[in-house]
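Hi,

Here is the structure I promised to pass on.

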Amino acid sequence: MGDITSKAKASLAYRALDAKKAEDITVLDIEKISTLADYFIIASGNNRAQVQAMADNAEEVLGKAGYEPRQKEGYQNGSWILMDYGDLVIHIFDTQNRLFYDLERIWRDGQRTSIEELEKGITTDGD
């Protein structure tokens with residue numbers, strides 16, 4: 001299941017989204033079924049402002065840890081923002097688009113992973 005770096009990245013992203021009151025955060029370990037990434041994180045917000053705030057916070061938290069997105073799509077529209085960090089891809093939807101695109105169904109072969117499982121084996125600098 002993903003190396004320590006991708007686990008740490010996914011954990012930071014999860015916490016950053018959660019801090020902005022993201023709804024229904026799902027972490028999928030797709031390492032065994034796809035070469036796209038090790039993890040997908042799928043989360044939703046109630047409106048464009050919240051979806052953008054979630055993306056901003058994730059980018060800021062990951063940036064402070066030294067991770068920059070390779071690509072970011074959909075920010076202006078704010079209905080589905082995709083942030084590609086290589087081994088981690090973050091999908092932030094508004095509620096309606098999340099139901100419509102249903103990535104959890106499309107990627108159902110991925111292993112659902114809890115934040116606790118992600119954080120096992122990750123050491124922090126004591127901060």
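E119 and R15 join their side chains in a salt bridge, at 3.0 Å from N to O. This pair links distant parts of the chain, with E119 in helix α5 (residues 115–119) and R15 in helix α1, 104 residues apart. E119 counts as partly exposed because its relative accessibility is 29%, and R15, at 41%, counts as partly exposed too. Please keep in mind that this is a predicted model.

What else does helix α1 hold on to? K9 sits in that helix (residues 4–19), and the side chain of K9 meets that of D87 in a salt bridge of 2.7 Å, N to O. D87 lies in the loop between β4 and β5 (88–94), so the pair ties together parts that are 78 residues apart in sequence. Are these two partners buried or exposed? D87 has a relative accessible area of 17%, so it is buried, given that the cut-off for buried is under 20%. K9 has a relative accessibility of 8% and therefore counts as buried as well.

The next pair is R98 and D24, whose side chains form a salt bridge at 3.5 Å, N to O. Here too distant parts of the chain are linked: R98 belongs to helix α3 (residues 95–101) and D24 to strand β1 (residues 23–29), 74 residues apart. R98 is at 7% relative accessibility, so it counts as buried, whereas D24, at 54%, counts as exposed.

You will find S79 in the loop between β3 (71–73) and β4 (80–84). Its relative accessibility is 14%, so S79 counts as buried. Which residues does S79 touch, once its neighbours within four places in sequence are left aside? The contacts are G74, I92, F93, D94 and N97. Of these, I92, F93 and D94 fall within the span of β5 (88–94), and N97 falls within that of helix α3 (residues 95–101).

Best wishes

Conventions
Residues numbered from 1 in each chain as written. Predicted model: local features only at pLDDT ≥ 70, side-chain atom pairs only at ≥ 80, totals over all residues. Heavy atoms only, no water. Helix = DSSP H or I, 4+ residues; strand = E, 2+ residues; numbered from the N terminus. Buried < 20%, exposed > 50% of the residue type's maximum accessible area, 1.4 Å probe, protein only. Contact = heavy atoms within 4.5 Å. Salt bridge = Lys/Arg side-chain N within 4 Å of Asp/Glu carboxyl O.
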